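Biologist: I would like to learn how to read packing in a model. Please take me through it feature by feature.

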Amino acid sequence: MHLTPEILAATYDWLRALPPFRRWKLPPADEVEFAVTSSERSHGDCLVIGDRIRIRVSHRTMSYPSVLARVMAHEMCHVYADKRGEEETHGRLWKKAAAQVCKEHGFDPKEF
C-alpha cells in the first residue's frame with residue numbers, strides 16, 4: 001500500500017470525527033506531524049512532547065486500509081493518554097481508551 005503523510009493525516013482526521021475519538025478533543029491533523037517510515041518491525045509509533053505530536057507509520061507493514069485504520073487508532077490512543085499525563089507506554093489510560101476503540105470499531109484487542 002502506498003502511503004504518504006497526506007494519507008496518514010486524512011486517516012487521522014477521519015477517525016477523529018468518529019466515536020470515541022470525537023469526544024477526546026484531539027488536535028486536528030494540521031497540528032500533528034505525520035511521517036512514513038520503512039520499518040519492518042514496527043507498524044507505527046507516536047511521540048508527544050508538550051504540544052508537539054508526531055505519528056509515524058511504516059509503509060512496509062501496511063497491506064490494507066483496514067490495517068492503516070487500526071494502526072492509526074492505536075497511535076491516537078497514545079495521543080489521548082500522553083496528553084493526559086500518562087508516562088507508561090501502554091498504561092491504564094491507554095488501555096481504557098484502546099478498549100473503547102476496539103469495541104466501537106470492531107478491532108481485535110489482541111491485535112491492537
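Biologist: Is T11 buried or exposed?
Modeller: Start with the cut-offs: buried means under 20% relative accessible area, exposed over 50%, and partly exposed lies in between, with a 1.4 Å probe and protein chains only. T11 has a relative accessibility of 11%, so T11 counts as buried. One caution: this is a predicted model, where local features need pLDDT of at least 70, side-chain atom pairs count only at pLDDT 80 or more, and totals for chains, interfaces and linings use all residues. Residues are numbered from 1 along each chain as its sequence is written, and side-chain values use heavy atoms, with hydrogens and water left out.

Biologist: Which residues is T11 in contact with, leaving aside neighbours within four places in sequence?
Modeller: Contact means heavy atoms within 4.5 Å. By that rule T11 touches L68, A69 and M72. T11 itself lies in helix 1. Helices (H or I, at least four residues) and strands (E, at least two) are DSSP runs, numbered from the N terminus.

Biologist: How do I describe two packed helices?
Modeller: Two packed helices are described by the angle between their axes and the distance between the axes. Axes are lines fitted to C-alpha atoms, for helices over the stretch in contact, and angles run from 0 to 180 degrees between N-to-C directions. Helix 1 and helix 2 pack at about 70°, with axes 10 Å apart. The contact involves I7, L8, T11, Y12, W14, L15 and R16 of helix 1, and L68, A69, M72, A73 and M76 of helix 2.

Biologist: At what angle do helix 2 and helix 3 pack?
Modeller: The angle is about 140°, and the axes are 9 Å apart. Helix 2 and helix 3 are therefore oblique to each other. Their crossing is right-handed. On the helix 2 side, A73, H74, C77, H78, Y80 and A81 meet L93, W94, A97, A98 and V101 of helix 3.

Biologist: How many aromatic pairs are there?
Modeller: Rings of Phe, Tyr and Trp (its six-membered ring) pair if their centres lie within 6.5 Å; planes under 30 degrees apart count as stacked, over 60 as edge-to-face and the rest as tilted. The count is 5 aromatic pairs. One of them joins F21 and W24, edge-to-face, at 5.1 Å centre to centre and 75° between the planes. F21 is buried at 1% relative accessible area, and W24 is buried at 5%. The rings of W24 and Y80 have centres 4.3 Å apart and planes at 35°, so this pair is tilted. W24 lies in the loop between helix 1 and strand 1 and Y80 in helix 2, so the pair ties together parts 56 residues apart in sequence.

Biologist: Which residues do ring pairs link into a cluster?
Modeller: F21, W24 and Y80. Y80, at 16% relative accessibility, counts as buried.

Terms used. Parallel < 35°, antiparallel > 145°, perpendicular 65-115°, else oblique. Left-handed = near helix turned anticlockwise from the far one by under 90°.
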